[in-house]
Amino acid sequence: MHWFVVVEVLLALATAPGLAGALLLAPDASNLPLYALCAVPAGPALAASVFAWRAFLVDHDAAPAREFLRGYRLDALDALRTWVPALAVLTVLAVNMAHRDVVGAAAVFTPLYAVLGAAVLLWAVRVLVLTAVFTFRWRDAARLGVLTLLTRPRSTLALLSLLVLAIGTAWVTFDAVVVLLASVLTFLLAHSEGTVLREVRERFVASY
């Protein structure tokens with residue numbers, strides 16, 4: 001319980017600027033780029049929480065605040081390299097879906113945009129997890145993100161289920177509920193991605 005409380009508080013603090021900005025925005029499609037901007041701090045915070053939870057799964061006596069802050073310091077830049085481009089693509093897709101009549105997109109493209117958006121989000125989260133645990137060049141992490149999504153269908157389905165749970169919870173209730181459950185959701189993410197992380201370690205990380 002101590003870990004969940006500490007990680008929750010640190011996640012809230014790390015994403016506070018974006019959360020504060022999002023609360024000030026009207027729920028309108030014209031604000032989608034601003035919502036994406038508010039979501040930028042979530043990338044490094046997610047990577048830091050995965051780093052902390054992986055440390056917890058190895059050693060329950062580790063200090064949650066120390067591990068989270070260490071993960072944030074080590075992974076923030078790599079997380080932003082993945083998260084910001086992914087948000088940009090997701091924003092373009094969301095704007096096209098919201099204004100399809102204006103941009104001239106046929107209704108048939110809406111499901112395609114949704115599938116493409118889901119794929120981009122899955123890839124981004126997978127790469128965040130990989131860069132939180134390993135030190136890869138960005139292009140290698142990006143390739144491994146695609147590779148593991150395609151070759152580990154069960155893990156990909158588990159990741160998709162977790163994202164659907166988070167988005168569905170926010171849709172049915174309030175965004176604040178997802179924020180309050182962030183430490184639980186990130187723990188489930190770190191745990192469910194364990195199979196992928198083990199495979200990457202065995203196949204792509206040199207041992208000396």
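Predicted model: local features only at pLDDT ≥ 70, side-chain atom pairs only at ≥ 80, totals over all residues.
**Helices α1 and α4**

Two packed helices are described by the angle between their axes and the distance between the axes. Helix α1 spans residues 2-24, and helix α4 spans residues 64-98. They pack at an angle of about 35°. Their axes are 9 Å apart. The crossing of α1 and α4 is right-handed. On the α1 side, the contact is made by His2, Trp3, Val6, Val7, Leu10, Leu11 and Ala14. On the α4 side, Pro64, Ala65, Glu67, Phe68 and Tyr72 take part. By class, this contact has 10 nonpolar, 1 polar and 1 charged residues.

Glu67 belongs to helix α4. Its relative accessible area is 10%. Because buried means under 20%, Glu67 counts as buried. Leaving aside neighbours within four places in sequence, Glu67 is in contact with Trp3, Phe51, Ala52, Ala55 and Ala62. Trp3 is also among the α1 residues in the contact with α4.

**Other residues of α1**

Glu8 is found in helix α1 too. Glu8 is buried, with a relative accessible area of 15%. Which residues does Glu8 touch, not counting those up to four places away in sequence? They are Val179, Leu180, Leu181, Ala182 and Ser183. Glu8 and Val179 lie 171 residues apart in sequence. In space, their C-alpha atoms are 8.2 Å apart.

Pro17 lies in helix α1 as well. Is Pro17 buried or exposed? Pro17 counts as exposed, because its relative accessibility is 59% and the cut-off for exposed is over 50%. Pro17 and Val40 are 23 residues apart along the chain, and 9.5 Å separates their C-alpha atoms.

**Phe56 and helix α3**

Phe56 sits in helix α3. Phe56 is buried, at 16% relative accessible area. Beyond neighbours within four places in sequence, Phe56 is in contact with Trp3 and Phe187. Phe56 and Phe187 are 131 residues apart along the chain. Their C-alpha atoms are separated by 9.5 Å. Phe187 is one of the buried residues of α10.

The pairs discussed above are set out here.

| Pair | Separation in sequence | C-alpha separation |
|---|---|---|
| Glu8 and Val179 | 171 residues | 8.2 Å |
| Phe56 and Phe187 | 131 residues | 9.5 Å |
| Pro17 and Val40 | 23 residues | 9.5 Å |

An α-helix has 3.6 residues a turn, so residues three or four places apart point the same way. In α10, the buried residues are Ala182, Ser183, Leu185, Thr186, Phe187, Leu189 and Ala190. Ala182 and Ser183 are among the residues touched by Glu8. What covers the buried residues of α10? The cover includes α1, α3, α6, α8, α9 and α11. Helix α9 spans residues 175-180.

Helix α11 spans residues 194-204. Its buried residues are Gly194, Val196, Leu197, Glu199 and Val200. They pack against α3, α6, α7, α8 and α10. Of these partners, α7 covers residues 138-151 and α8 covers residues 153-172. Helix α10 itself runs over residues 182-192.

**The second largest pocket**

Rolling a probe the size of a water molecule over the atoms shows where empty space is left. The second largest pocket holds about 270 Å³ of space. It is lined by 15 residues. Closest to its centre are Phe51, Ala132, Val133, Phe134 and Arg201. Phe51 is also one of the contacts of Glu67.

Which elements give two or more residues to the lining? They are α3 (42-58), α4 and α6 (109-133). Helix α4 supplies the largest share, 5 residues. By class, the lining has 7 nonpolar, 2 polar and 6 charged residues.

Conventions. Residues numbered from 1 in each chain as written. Heavy atoms only, no water. Axes fitted to C-alpha atoms, helices over the stretch in contact; angles between N-to-C directions. Helix = DSSP H or I, 4+ residues; strand = E, 2+ residues; numbered from the N terminus. Left-handed = near helix turned anticlockwise from the far one by under 90°. Contact = heavy atoms within 4.5 Å. Nonpolar A, V, L, I, M, F, W, Y, C, P; charged D, E, K, R; others polar. 1 Å grid on protein atoms, 1.4 Å probe; cavity = no way out; pocket = protein on both sides within 12 Å on 5 of 7 lines; lining within 4 Å. Points joined across faces, edges and corners; volume = space filled by probe spheres on them. Buried < 20%, exposed > 50% of the residue type's maximum accessible area, 1.4 Å probe, protein only.
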